[in-house]
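Please walk through this model with the structure open beside the text.

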Amino acid sequence: MILSGVYCNATGLAKTQFKGSKKLRHLESWNTSTLLFISPDDVDINVSQNKGEEQTHHFTGSQEVQALEIDGQTSNISISVNSNNFTALGLYLNDNNGIAVDNMPIRGYAGIRHHSISAPIIEQMRQYIDYDLIVIEYGINAISSKQLNYNSYTSALKNDILKIKSCYPNADILILGVGDRGERRNGEIQTMKAVPAMIKAQRRMAQELCVLFWDTQLAMGGNNSIVEWTNNKDTNKDYTHLSFKGGARLGKLFSDRLIEEIGK
């Protein structure tokens, strides 16, 4: 397992394509494409950049992580291989300016399997892609209105974070506490009783690990703030999960605070 939780094995002809987006600023193009892979057999990787002529890059077989780096302003890239022994670990689309963000969502995941990530593979990947900051956000899917003690959960998560810290020694770690989540009590939506309990356990875990902690619920407005966020269509009607609009709102709150702290 690697940090993203996913990788792809080719079975015969495999192809992927990425293109820029005009829906948000700064996403139309990038200038460095880095494909990390493992191929024990010799392999030809075919790349078409900006819908241009396909170029073939030959690599000698190796059990180690290798990298194909494509430079130049790019808005569209297509990559293909024909192999039964090729593992793609990730394609990183970066730029020389600004901040690069790798979003690694694993839906419904509680975050307590990172202890199984492969330290040797991560060490090899870090030759090409390393991180300054790793933000960890888990817990919203682990809380239940019937449970108010999360020490066992955070103890398991603590071991996973220690593994991540050992694999990425150059990165700071920041834990996001769970956001506000609603449940119906006495005929109205209120903050789930388990939310403060999980936040307390997460904050204690961050202190024990000597890593950063951000109180997401407090940033949202505290107890019962989920009602306003849902009425504003910033969360779905389950009073739990952020909408795209709400994600942008919370992301702005987070980035503003992060920049503020960096500037101190």
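This is a predicted model: local features need pLDDT of at least 70, side-chain atom pairs count only at pLDDT 80 or more; totals for chains, interfaces and linings use all residues.

Start with helix α3, residues 194-209. The helix has 16 residues and reaches 23 Å from its first C-alpha to its last. That is close to the 22 Å expected at 1.5 Å a residue. Its buried residues include Val195, Met198, Ile199, Met205 and Leu209. Gln202 is also on the buried list. Just after α3, Cys210 takes a positive phi of about 60°.

Ile2 sits in the segment before β1 (8-9). Ile2 counts as buried because its relative accessibility is 3%, under the 20% cut-off. Leaving out residues up to four places away in sequence, Ile2 touches Tyr7, Leu89, Ile117, Ile121, Ile122 and Met125.

Helix α1 (residues 119-125) holds Gln124. Gln124 is buried, at 14% relative accessible area. Beyond its neighbours within four places in sequence, Gln124 is in contact with Glu64 and Val65. A polar atom of the Gln124 side chain lies 2.7 Å from the backbone nitrogen of Val65.

Next come the charged pairs. Side chains of opposite charge can pair when their charged atoms come close. The model has nine salt bridges. One of them joins Arg203 to Asp215, with the closest N and O atoms 3.0 Å apart. Arg203 lies in helix α3 and Asp215 in the loop between β13 and α4, so the pair ties together parts that are 12 residues apart in sequence. Arg203 is partly exposed at 35%, whereas Asp215 is buried at 17%.

Glu228 forms a salt bridge with Arg249, the closest N and O atoms being 3.1 Å apart. Glu228 is partly exposed at 39% relative accessibility, and Arg249 is partly exposed at 28%.

Asp256 and Lys252 also form a salt bridge, at 2.7 Å between the closest N and O atoms. Both are in helix α6, four residues apart, so about one helical turn separates them. Salt bridges that share partners join Glu228, Asp234, Lys245 and Arg249 into one network.

End at the surface. Phe244 lies in helix α6 (residues 244-262) and is exposed at 69% relative accessible area. Leu24, Leu27 and Phe244 make a nonpolar surface patch of about 350 Å².

Definitions and conventions: Residues are numbered from 1 along each chain as its sequence is written. Side-chain values use heavy atoms; hydrogens and water are left out. Helices (H or I, at least four residues) and strands (E, at least two) are DSSP runs, numbered from the N terminus. The expected span of a helix is 1.5 Å times one less than its number of residues. Buried means under 20% relative accessible area, exposed over 50%, partly exposed in between (1.4 Å probe, protein chains only). Patches are made of residues with over 30% relative accessible area and no salt bridge: like charges are joined within 9 Å, nonpolar side chains (Val, Leu, Ile, Met, Phe, Trp, Tyr) within 5 Å. Accessible areas come from the Shrake-Rupley method with a 1.4 Å probe; for residues, only the protein chains shown count as cover. A salt bridge is a side-chain nitrogen of Lys or Arg within 4 Å of a carboxyl oxygen of Asp or Glu. A polar contact is a pair of N or O atoms within 3.5 Å; within protein, one must be able to donate a hydrogen and the other to accept it, and residues adjacent in sequence count only if both atoms are side-chain atoms. Contact means heavy atoms within 4.5 Å.
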